Amino acid sequence: MSDLVAHQFDDLDQQTEAGTLGMWTFLATEVLFFGGMICGYCVYRHLYFPAWHQGSLVVDNFTFLGISSGAWNTAVLLTSSLTVALGVRAAKLGQNRFLSQMLVITLLLGIAFLGIKAAEYTHEYHEGVMPGPNVFHPDMDISADLSRAAASSGKSNIDLRREFQLFWVFYFFMTGVHALHMFIGIGLFTYLLIEARRGCFTPKKHAPVEIMGLYWHFVDLVWIFLFPLLYLVR
Amino acid sequence: MDSPFKLFPPQAAEQSAQVDHLTLFLIAVSVSFMLVIFAAIIYFAVKYRRRSDNERPPQISGSIALEITWTIIPLLLTMVMFAWGAKVFVAAHHPPDDAMEIFVIGKQWMWKVQHLEGRREINMLHVPLGRPVKVILTSQDVIHDFAIPAFRIKQDVLPGMYTTEWFVPSQLGEFHLFCDQYCGAKHAEMIGTVVVCTPAEYERWLAGDLSAVPPAIAGKKVFTLYGCNTCHGQYAPTLAGLYGRPVDLIDEHGNHRTVIADESYLRESILYPNLKLVTGYPNRMPSYKSTLSEEQLLDVIEYIKSLSGAAQTAPYLGPPLGPATQPSNAEPKIENPPFANYRTNQ
Amino acid sequence: MASIPYIPEYQVRETYLNARYSIASWLLTKDHKRIAVLYILSITLFFIIGGSAAVIMRLQLLTPHSSLVEAETYNKLFTLHGIVMVFFFLVPSIPATLGNFLVPLMIGARDLAFPKLNLASWYLFILGGSLALTALILGGVDTGWTFYTPYSSTFSNTNVIFAICGVFIAGFSSIFTGLNFIVTIHKMRCPGMTWFRLPLFIWSMYATSIIFVLATPVLAITLALVALERILGVGIFDPNLGGDPILFQHLFWFYSHPAVYIMILPGMGVISELIPAYSRKRPFGYAFIAMASLAIAILGFLVWAHHMFVAGISIYGGLVFSILSFLVAIPSGVKVFNWTATLYKGSIALDTPMLYALGFIGLFTIGGLTGLFLATLGIDMHVHDTYFVIAHFHYIMVGGAVMAYMGGLHFWWPKITGKLYPERWGRLAAVILFIGFNLTFFPQFILGYLGMPRRYYAYAPEFQVYNVMSTAGATILALGYVLPLIYLLGSLRWGKDAGSNPFKAAGLEWQTTSPPPPDNFDQTPIAGEPYNYHEMDFANV
Amino acid sequence: MQDPDHKIESIWTYLLIFLLLIALLVGTVAAATVNLGRWNIVIALVIAVAKALLVILFFMHVRHSSRQTWIFAGAAFLWLTLLLAGTIADYASRNPPVPTSDASQSPAHAKTTVAVPAAS
């Protein structure tokens, strides 16, 4: 047995397949982890549509060059998925230099995503929409919008503000858990980059790149759904 | 009845017997299955006990016919159970139109009961024998559960929402009332007594408390106080005869649908006027969610129901009794000390 | 089995137990067998803690209004009992102990696919358990194991967040165990081990793992939302702040109903091994038992709202979930019938594990049939949230899962420790447990039908007679648990050495030595037909 | 065993998929600017599912993977559907609207009954 293969496996193929299947199983868990949140989201969107519409307008209002930061972030993550796919391909072909380059670009894109997200959070903090008894005090413009929405939906102002706050609970929770996954992804890819630089990956042994790539794609997938759910409630 | 080994609680409502019959059917099915299985196990264990340490029995790997048999027969039996159970359950959720109504509010840790004629009581529920009674439930804090074992009925009591249950008391006497959903420290003390009395006694009991204001009257005061009458009937839909009738609704895309104006609809329309718009009336009404207390809300709904005309009769529209008080602030008179039936509090 | 006559193997042979001795070699082990032993020790501790709470509760309920404990204390006790028993004993009981030990052995693998992850699971379990125990014992938690909102999120003033963190972390331990089993069963089977040659225990572990992986994350996220609600003071589930308490119940039972099958499916797997071994017969209807496990795992996800028939869900919802709940009874019935049929014309030895197995069938049958009462809408609206429910799920959880665990522990004890347990003591304890169990829990069915609500620290005097019976039974039951604890520990010191296959059972795990070597098999085995009792030469095992 | 690794896509496939993804993103953003009522969410979700499928099938190589991978990926989404369907079915069926055919008896919106209810 070579030292590439752990003692419990018969050969490299078995080890690779087990690793890949393990990651897919883990991703199935992750789908239901986010699924619980999405279920709560659906129920409250159904019950409190006007407030959620207002919330989504505030989220979507933060723009660069006239385009919502959510759309920018989607583009950033889709690009990173491309570079990950190209990186996995390079690893399979043994193109180590290209692999390292792709990993670096992926990392930069991941950091860019978190940077944009941080800018959004800061902006939202200044708008006063962080949920919580002491920090939640939406600024003048938002309050005026809320009053109008309350008037047109027949809800009391206080109720609409509560439901509006509930939107922000879900917004920060869902994007926060997603951002946590991004941090973990960046950690994993830093590890991959170090290993790639040391030339640890060969066409025969590239499973870690492939498996962690699956994770990265999944985190991208979650964002593909979070974007329309949170930014585009119309 | 005096034996400590009772198996069934008293059958004190008309549906108690129906639930018990269903239970007896299930017991009969279960016991027959148990007997078959237990007898087989014991018989096999004795008959085929190992007689020598090196014994090798004949091998039987299975039988499709048997597998099909013991899939189909239980399936059919369980479908009978489902259908029968569903019938009882659905009946228990459809009160007759002439059921008298009683409001119950659960709070940590007591039951506040409000009779339509004005009498209020705590941890006691007086009901007349032989009349269908519909209890409308809501909670002020956490989830409770209004359970009367002798009536074979229970229903969770939720904050922010109405639930109902109904029964026809069929036996005079006092019966347990329990909170069945864990609600905090004194959950076990959130108990009370259901008193089933004859209709004549019930009338006398109702009349006993003269200072009480019937909810329909109290609701009328609230209705006038907030100026509801300035719109309803003119710019807004009339409320006379509304209760129990279908309402034609329209949504923002112009689609029509119809709902029955029941308590939940009325409650929702007072709290969230915009959610269900009546065809022909753009919304002008503000929400009263943070304005009205749960009790005021019940009063107003009762008043609106009293406008239905035919079904409801005179006492509801009579002149107000006693001094004009805000119903929600008036502490109900405590008829009986809490937890009186088996344990005094402290 | 080749005759190597004169070397006293067991003295020089390297086993997983004697390969190393240091404490570090245990705490850092990646050997699935050692991790299984770590789990056995830890869940025994949790069982003792949870059981002690139950004893105090039963004593409190001996009289209608006992002053043994205060109302608040009683509430904390049943919460402790529920959380510890459900999340830290029943859920990991068979999968993490017997499952961990046997899955690789039964499929002829050297270890689980991810040994480090397996060790991490145990550490997560211990971390979660310590957090929860700290919260439950210092200060206490009074929400009940169900954490119903808005009581848990707004009204309770106890250490809810700590307890939730503990359960959350332990949840990931379950997920990783399930993940490990799924991958191991898919990818690590030895040559010849096709899917329909898998022992039935493996099928049940596979079904259990599906539930671990797909249900547990929903509980984790739901509890995280409750914690968030408490920390931030926002109303996710509190109607006064715009939330909906019934949503919590949906999400909670989406995990917690399948979790019931996490507890019982492994038990069914153990029984499916014990009955053939002590009847010396191939299981009757092997494929049907295996497929019934999968059917239970999948249908089990479709019935969660039967816990909510009177909670305020729509009547239509009630009807749909009621009919689906009846469907899940069918595969359970199929299993019971097949086990019974396996006995027919067998060679039945009523040894300790078999006593537990037959006890399991009886108690599980009662538990399952009373489940039909609860699935019947018309009866559930009378007995929901009463002692009827308590009795029903204890028949499944204790009469089912714990009986199976005890049976399995005795059956594989020689394989795990290399020592035989004392057979007479074993039979005595099994009989005591069976009697004590029925005396404890059968009266509770009647109590429930009479209307006694659950979670009451004081009750109406007319309920007393059945409560006295129940408490008396609990005393016998406790004795039934203490006995095995003593004689099993004693057997480590005084027990006779077990050979490879003391019970003359079929299965790959009996073909290796007891205790097995660190790599399980000296050479990779080749699997034939399972349960090949017709080929076994019982005289020369 | 079907091994996903032995099939290597060309760079151009990846680039093409990437361009499709970006095009779909532009589509989502554009569709959100138009008010289509309840169709907005439908379109947004259909596009999201399309994007997800592209990523899963091509970037995650499920297209060339074993049946087992398909089952695992599919099972996760099936279970998510179960959770959503069961929960939302309850919310959607509470207070069910009465079928319109039953509503023949003078709906309350009829303006003919002008009465001031609280003529106190």
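Predicted model: local features only at pLDDT ≥ 70, side-chain atom pairs only at ≥ 80, totals over all residues.

Author: One contact brings together 79 residues from chain B and 77 residues from chain C.

Reader: How many helices and strands does chain D have?
Author: Three helices and zero strands. Along the sequence the pattern is α-α-α.

Reader: How much of chain D is buried?
Author: Of its 120 residues, 28% are buried. Take the contacts in chain D with a separation of 6 or more: 47% of them link residues 24 or more positions apart.

Reader: Now chain A. What is it made of?
Author: Seven helices and two strands. From the N terminus, the order is α-α-β-β-α-α-α-α-α. The C-alpha trace spans about 70 × 35 × 30 Å along its principal axes.

Reader: What share of chain A counts as buried?
Author: 53% of its 234 residues. In chain A, 73% of the contacts with a separation of 6 or more are between residues 24 or more positions apart.

Reader: At what angle do α6(A) and α7(A) cross?
Author: Roughly 160 degrees. Helix α6 covers residues 157-197 of chain A, helix α7 covers residues 207-231, and their axes come within 10 Å.

Reader: Parallel or antiparallel, then?
Author: Angles over 145 degrees count as roughly antiparallel, so α6(A) and α7(A) are roughly antiparallel to each other. Their crossing is left-handed.

Reader: Which residues make that contact?
Author: From α6(A), they include A:Y171, A:M174, A:H178, A:F189 and A:L192. From α7(A), they include A:P208, A:Y215, A:W216, A:W223 and A:L230. The contact has 16 nonpolar, four polar and no charged residues.

Reader: How does α4(A) cross α6(A)?
Author: At roughly 155 degrees, with the axes coming within 10 Å. Helix α4 of chain A is residues 96-127. The two helices, α4(A) and α6(A), are therefore roughly antiparallel. The crossing of α4(A) and α6(A) is left-handed.

Reader: Who meets whom there?
Author: A:N96, A:L103, A:F113 and A:K117 are among the α4(A) residues. On α6(A), A:T175, A:M182, A:F189 and A:R197 are among those they meet. By class, this contact has 14 nonpolar, seven polar and two charged residues.

Reader: Switching topic. What is the strand order in the open sheet of chain B?
Author: The order is β12-β11-β13, three strands with antiparallel pairing. β12 (256-260) and β13 (277-278) of chain B each have a single partner strand, so one side of each has no neighbour in the sheet.

Reader: How many bridges join β11 to β12(B)?
Author: Five, and the two strands run antiparallel. β11 of chain B is residues 246-250. B:L249 sits opposite B:R257 of β12(B).

Reader: Where are the cis peptide bonds you can tell me about?
Author: One goes from B:Q108 to B:W109, with omega near -10 degrees. B:W109 is in the loop between β1 (100-107) and β2 (110-115) of chain B. Another joins C:S514 and C:P515, with omega about -15 degrees. C:P515 is in the segment after α16 (464-494) of chain C.

Reader: Which residues have positive phi without being glycine?
Author: B:R152 is one of them, with phi near 60 degrees. B:R152 lies in the loop between β6 and β7 of chain B. C:K504 is another, at about 55 degrees. C:K504 is in the segment after α16 of chain C.

Reader: Is there a reason to call them buried, or why exposed? What counts?
Author: A residue is buried if 20 or more other C-beta atoms lie within 10 Å of its own. B:R152 has 30 such atoms within 10 Å, so B:R152 is buried. C:K504 has 20 C-beta neighbours inside 10 Å, so C:K504 counts as buried too.

Technical notes. Residues numbered from 1 in each chain as written. Chains lettered and ligands numbered in written order. Contact = placed C-beta atoms within 7 Å. Pairing = 2+ DSSP bridges. Helix = DSSP H or I, 4+ residues; strand = E, 2+ residues; numbered from the N terminus. Axes fitted to C-alpha atoms, helices over the stretch in contact; angles between N-to-C directions. Parallel < 35°, antiparallel > 145°, perpendicular 65-115°, else oblique. Left-handed = near helix turned anticlockwise from the far one by under 90°. Nonpolar A, V, L, I, M, F, W, Y, C, P; charged D, E, K, R; others polar. Buried ≥ 20, exposed ≤ 12 C-beta atoms within 10 Å, placed from the backbone.
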